[in-house]
Amino acid sequence: MASSTESSEKYDLKNTITNATTPSPPSDQGLAAQSSHLDYANRGLTHTLTAESRLPAFGGEFQPGLYRPQKKAANPAPLGLCAFGLTVFLLGCIEMGVRDITQPSILVASAFAYGGLVQLLAGMWEMAVGNSFGATVLSSYGAFWISVGIVFTPGGFNIMGSLQEASGGTNRMFYDSLGLMLLAWFIFTVLMTLCTLKSTVAFFSLFFFADLALLLLGVGYIRRDAQGEPNSALRQAGGFFAILCAFLCWYNGFAGLADESNTFFIPPVAHFPWSEMGRKGKKSAADVERV
């Protein structure tokens with residue numbers, strides 16, 4: 001009898017150990033809970049690594065409207081902004097006569113490669129993600145820099161030489177033509193600036209300084225001094241605003257890349273008080289004060 005009881009206890013102990021170490025088939029409820037947990041984890045990971053975690057900066061998205069299209073690709077705006085910024089920085093330095101540089105030959109390389117080709121590609125990618133404003137501006141200024149490279153290519157397209165020959169060996173016609181070209185781009189930039197009036201201060205200022213730079217440079221090449229050379233004061237002023245525009249390009253580009261996953265420095269975003277985001281901020285602050 002004792003042997004039978006001992007055998008029964010050993011059998012129960014074996015079953016207990018087996019049941020504890022062998023996983024039981026999951027129930028439907030358990031599978032649902034596990035799936036829900038994995039979905040939640042995946043959503044959290046996706047939110048951390050994709051563009052949705054970025055600071056909602058208008059300049060960084062290159063989207064002046066409140067609507068942001070759903071994107072399944074990288075944000076091309078910072079690339080285009082940085083391409084424009086670096087090239088316009090070089091232009092500003094040359095126009096201001098930094099380090100006594102008077103020939104724009106070094107600008108040709110950046111105008112073709114970075115400011116031209118890369119910015120044009122960024123504009124096409126903006127079109128692919130559904131941003132008409134970004135596609136129009138970046139593609140247009142990519143073409144602008146390519147045209148600048150064509151004009152100033154040493155001995156390449158002979159644009160300067162043909163205009164000098166047509167004006168009797170002087171630079172009069174070339175300066176007038178270049179001034180008209182810059183003023184035409186000034187008109188286009190003003191139109192684009194009007195589309196940023198409800199965005200952010202940094203994004204609007206970028207276009208505003210580009211307006212001033214193009215206007216001053218265009219007038220400076222048309223309104224020349226007594227020696228027939230471009231007005232140096234207007235050129236230097238235009239170069240100064242071009243450099244300011246370059247730093248704002250880099251600032252807005254950085255705003256499109258910086259988030260809590262890659263830096264401790266998140267650029268602030270200042271919305272105009274009359275914009276929809278500005279009014280929402282005022283309303284939220286008023287609600288907090290009432291509470």
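Student: What order do the elements of the protein run in, from the N terminus on?

Tutor: They run α-α-α-α-α-α-α-α-α-α-α. The model is a predicted one. Its secondary structure comes to 11 helices and zero strands.

Student: How many residues does the protein have, and what share of them is buried?

Tutor: There are 291 residues, and buried ones make up 37%.

Student: Why is Ala 111 called buried?

Tutor: Buried means under 20% relative accessible area. Ala 111 has 0%, so Ala 111 counts as buried. This residue is found in helix H5, residues 105–128. Its C-alpha atom is separated by 9.7 Å from that of Leu 90, which is 21 residues apart from Ala 111 along the chain.

Student: What makes Arg 99 exposed?

Tutor: Exposed means over 50%. Arg 99 has a relative accessible area of 75%, so Arg 99 is exposed. Arg 99 lies in the loop between helix H4 (77–95) and H5.

Student: Where is Asp 100, and is it buried or exposed?

Tutor: Asp 100 has its place in the loop between H4 and H5. Its relative accessible area is 71%, and the cut-off for exposed is over 50%, so Asp 100 is exposed.

Student: What is the phi of Arg 99, and what is that of Asp 100?

Tutor: Phi of Arg 99 is near 55 degrees, a positive value in a residue other than glycine. Asp 100 has a positive phi of about 60 degrees, and Asp 100 is not a glycine either.

Student: Now the helix pair. Why are H8 and H9 called roughly antiparallel?

Tutor: Two packed helices are described by the angle between their axes and the distance between the axes. The axes of H8 (residues 172–194) and H9 (residues 201–222) cross at roughly 160 degrees and come within 8 Å. Angles over 145 degrees count as roughly antiparallel. H8 and H9 are therefore roughly antiparallel to each other. Their crossing is left-handed. The contact has 19 nonpolar, four polar and two charged residues.

Student: How do you know that Leu 182 is buried?

Tutor: Leu 182 is in helix H8. Its relative accessibility is 9%, and the limit for buried is under 20%, so Leu 182 counts as buried. Leu 182 and Leu 214 are 32 residues apart in sequence and 5.7 Å apart in space, C-alpha to C-alpha.

Student: What makes Thr 189 buried?

Tutor: Its relative accessible area is 1%, and buried means under 20%, so Thr 189 is buried. Thr 189 is found in helix H8. A polar atom of its side chain lies 2.7 Å from the backbone oxygen of Trp 185.

Student: Which residues do ring pairs link into a cluster with Trp 185?

Tutor: The cluster links Trp 185 with Phe 84, Tyr 141, Phe 144, Trp 145 and Phe 188. A search of the whole structure finds 21 aromatic pairs.

Student: Why is the pair of Phe 208 and Phe 209 called tilted?

Tutor: A pair of aromatic rings is described by the distance of the centres and the angle of the planes. For Phe 208 and Phe 209 the centres are 6.0 Å apart, with 50 degrees between the planes. Centres pair within 6.5 Å; planes under 30 degrees apart count as stacked, over 60 as edge-to-face and the rest as tilted. So the 6.0 Å makes a pair, and the 50 degrees makes the pair tilted.

Student: What does Phe 208 count as, by relative accessibility?

Tutor: Phe 208 is at 36%.

Methods: Residues are numbered from 1 along each chain as its sequence is written. This is a predicted model: local features need pLDDT of at least 70, side-chain atom pairs count only at pLDDT 80 or more; totals for chains, interfaces and linings use all residues. Side-chain values use heavy atoms; hydrogens and water are left out. Axes are lines fitted to C-alpha atoms, for helices over the stretch in contact, and angles run from 0 to 180 degrees between N-to-C directions. Helices (H or I, at least four residues) and strands (E, at least two) are DSSP runs, numbered from the N terminus. Angles under 35 degrees count as roughly parallel, over 145 as roughly antiparallel, 65 to 115 as roughly perpendicular and the rest as oblique. A crossing is left-handed if the near helix is turned anticlockwise from the far one by less than a right angle, and right-handed if clockwise. Ala, Val, Leu, Ile, Met, Phe, Trp, Tyr, Cys and Pro count as nonpolar, Asp, Glu, Lys and Arg as charged, and the others, Gly among them, as polar. Buried means under 20% relative accessible area, exposed over 50%, partly exposed in between (1.4 Å probe, protein chains only). A polar contact is a pair of N or O atoms within 3.5 Å; within protein, one must be able to donate a hydrogen and the other to accept it, and residues adjacent in sequence count only if both atoms are side-chain atoms.
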